[in-house]
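Visitor: I am new to this. Please show me how to read a structure.

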Amino acid sequence: MAFPTAVNDQITDAITQSNVSVLGESPAVALGSLYQSMAHATGLMFHNAVAAQQQQNIAAQAATTQGVMQIYSLDTVATSKILG
């Protein structure tokens, strides 16, 4: 201890060790929090990508269905008279 105080030396040492421990662990805790946030953000990114792909597939299926319905709704006799 640097200078004498009215506090017991064991208490002062315990507090000092606690503070050193907190200061020593804080970079690891900060990096752990950063990695966890990055993992969560990456998971959300992939979730959004999969949801967008599903929506695009639904739109493609609807467009295909509409196209097939238009093809089948044509009157083949009328078109053959026009072309022939």
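Visitor: How many helices and strands does the chain have?

Guide: Helices (H or I, at least four residues) and strands (E, at least two) are DSSP runs, numbered from the N terminus. Here the chain has 2 helices and 0 strands. This is a predicted model: local features need pLDDT of at least 70, side-chain atom pairs count only at pLDDT 80 or more, and totals for chains, interfaces and linings use all residues. Residues are numbered from 1 along each chain as its sequence is written, and side-chain values use heavy atoms, leaving out hydrogens and water.

Visitor: What span does H1 reach from its first C-alpha to its last?

Guide: The expected span is 1.5 Å times one less than the number of residues. H1 has 64 residues and reaches 94 Å, close to the expected 94 Å.

Visitor: Where does H1 bend?

Guide: A bend is the angle between axes fitted to the seven residues ending at a residue and the seven starting there. H1 bends by about 35 degrees at Ser 26. Pro 27, a proline, follows within four residues.

Visitor: What share of the chain's residues count as buried?

Guide: Of the 84 residues, 0% count as buried.

How values were computed
Buried < 20%, exposed > 50% of the residue type's maximum accessible area, 1.4 Å probe, protein only.
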